[in-house]
Amino acid sequence: MPHLLILSANRHTSPYPVYPLALSYLKSYLQQAWPELTISLMDLNLESDQQWPQRLAALAPDYVAVSLRNVDDVDWQKQRGFIEDYRQIIERVRTVSPAPVILGGAGYSLFPERLLGDLGGDYGLVGEGEESLLELLQTLQSGQDPAGMEGLVWRSAEGIRYRPRQRHVSAPKLSFEPELVAHYWRHSGMLNIQTKRGCPHRCVYCSYPLIDGRQVRTLQVPQIVQTLTEAWDKHGIDYVFFTDSVFNLEPAFNDELARALIKAGLPTKWGAYFAPHRLSSEQLALYQKAGLTHLEFGTEALSDITLASYNKPFRFKHVLRTAERAAELGIHQAHFLIMGGWGETRQSLTETLDNAEQLPDTVLFPYYGMRVYPDTELARQMVEAGKLAPEQDLLKPFYFLSPEFDLDWLKQQIPGRQQRWALPDEDFSDGIAMLRKAGKSGPLWEYI
């Protein structure tokens, strides 16, 4: 029977290591759909550079699928790219295995044709990979040509080709791997799962719809509850983070999920990414009863000038109202901001700083500038404005930073304000490590 090795090449662990969710989704789906397939997992966060090639050679898989989660650190100040690391990993795979190399993952999906060529993969899969990987493996195993498959990137006589996908998975399964769970629970204090995929919003900078599509697909409530039940019963996991692009996209589904979690009676607490609008006090109270403890708002700005430029579907009055509702219930909240992005001015920066003082107690995480990705509205508008050459290589970290943004000025404005501004260059690792040793789970930013 064929043997597949799925390898997570991600070694980026800031602000904390993230469980390689794609590996578990793929393995769970493939095991159910093709029981005869042997599947091995390899996470390079758990393997030394000396160990993993030896282990791969000993496993002798028929196929190697490599997941590339990020292409860089998305940090304007550091701008560390990961492509060279990935190239070296794939070269080492080639030295110990003749198996076809299949590339995939969120990072890969942003530059699929380019990365297949640059990294020397045999095939690539764009977006969610469960059905596509199954179809590709079965096609290759039968000796047929997979060219033309939905979501596939392949090599042809005319060069590297790509056929976008039209179909999506309706009911992915998820079971956690004990070895991986032990590592990530110890180092990050939470596990991550999805409740939905896709995002209809059109924020100018965002690449998420390019990876997972704009159509929202909710996962099955019983499957989500079963996954959380198994995580608690088998591994003692009592905190998870829902990694949906925006949790509060489908209120009816979320209400159904919350009621199911309440009925299950699990001790599991959770957090998620939320948009700071369209959240009633009743909804928040229901989610809180179902275990919600942390709201991470993708607010991005607190000035209506900037929110309009970022093409956000809300304004500051919505942010303030939602934050006040959460505060009344005692739910921890943090706001993530992109400062100095498209359309930012000194006036809008001042408004964001001043409006932050109106919020109830919160933590503010500012990031500087916007990472520019191909096929986003930001890239299109920058080309039209003459601020980006159409041929610009965006695989190398490239940022838009407003000419009116001054980091020294910003840092001078923050001292003395009532809110906690957690700047990107602050190091919280020692404090977080102490809290983990004390048995604290969750993101822990409420202790900053």
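## Close-up views of a predicted model

**View 1. Strands β5 and β6 sit side by side.** Let's start with β5 (residues 123-125) and β6 (residues 152-156), which run antiparallel and are joined by two bridges. Look for Gly124, whose bridge partner in β6 is Val153. In general, strands of a sheet pair through backbone hydrogen bonds, either parallel or antiparallel.

A quick word on what you're looking at: this is a predicted model, where local features need pLDDT of at least 70 and side-chain atom pairs count only at pLDDT 80 or more, while totals for chains, interfaces and linings use all residues. Residues are numbered from 1 along each chain as its sequence is written, and side-chain values use heavy atoms, with hydrogens and water left out.

**View 2. Next along is the hairpin of β6 and β7.** These two strands run antiparallel and are joined by four bridges. Two residues lie between them, and together the strands form a hairpin. Val153 turns up again here, this time standing opposite Tyr162 in β7.

View 3. Seven strands make an open sheet with mixed pairing, and the order is β2-β1-β3-β4-β5-β6-β7. Why do β2 (38-43) and β7 (159-162) each have one side left without a neighbour in the sheet? They stand at the edges, each with a single partner strand, so there is no sheet neighbour on one side. From one strand to the next, the twist averages 20 degrees. Helix α1 (residues 21-33) packs on this sheet and touches β1 (3-8), β2 and β3 (63-67), with its direction at about 175 degrees to that of β2. Helix α3 (residues 83-96) packs on the sheet as well, touching β1, β3 and β4 (101-104), and its direction makes about 160 degrees with that of β4. For these angles, axes are lines fitted to C-alpha atoms (for helices, over the stretch in contact), and values run from 0 to 180 degrees between N-to-C directions. Contact, or touching, means heavy atoms within 4.5 Å.

**View 4. Here α3 meets α5.** Helix α3 packs with helix α5 (residues 112-119) at an angle of about 50 degrees, and their axes are 10 Å apart. That makes the two helices oblique to each other (under 35 degrees is roughly parallel, over 145 roughly antiparallel, 65 to 115 roughly perpendicular, and the rest oblique). Ile83, Tyr86, Arg87 and Ile90 of α3 make the contact with Leu115, Asp118 and Leu119 of α5.

View 5. Another open sheet has seven strands in the order β8-β11-β12-β13-β14-β15-β18, with parallel pairing. Its edge strands, β8 (191-193) and β18, each pair on one side only. Two bridges join β15 and β18, and the bridge partner of Leu364 in β18 is Trp421. Helix α11 (residues 281-289) lies across β12 (269-274) and β13 (292-300), at about 135 degrees to β13.

**View 6. Time to look inside, at the nonpolar cores.** A nonpolar core is a set of buried Ala, Val, Leu, Ile, Met, Phe, Trp, Tyr and Cys residues joined through side-chain atoms within 4.5 Å. Buried means under 20% relative accessible area, exposed over 50%, and partly exposed in between (1.4 Å probe, protein chains only). Which residues touch the most other members of the largest core? Among its 68 residues, they are Leu7, Leu410 and Trp421. Helix α3 gives the most to this core, with five residues. Leaving aside neighbours within four places in sequence, Leu410 is in contact with Met339, Leu353, Tyr368 and Phe405.

View 7. A disulfide is counted when two cysteine sulfur atoms are within 2.5 Å, and the count here comes to zero. For both Cys199 and Cys203, the closest cysteine sulfur is in Cys206. It is 6.2 Å from the sulfur of Cys199 and 5.9 Å from that of Cys203, too far for a bond in each case. Cys199 is buried at 6% relative accessible area, and Cys203 is buried at 12%.

Key: Pairing = 2+ DSSP bridges.
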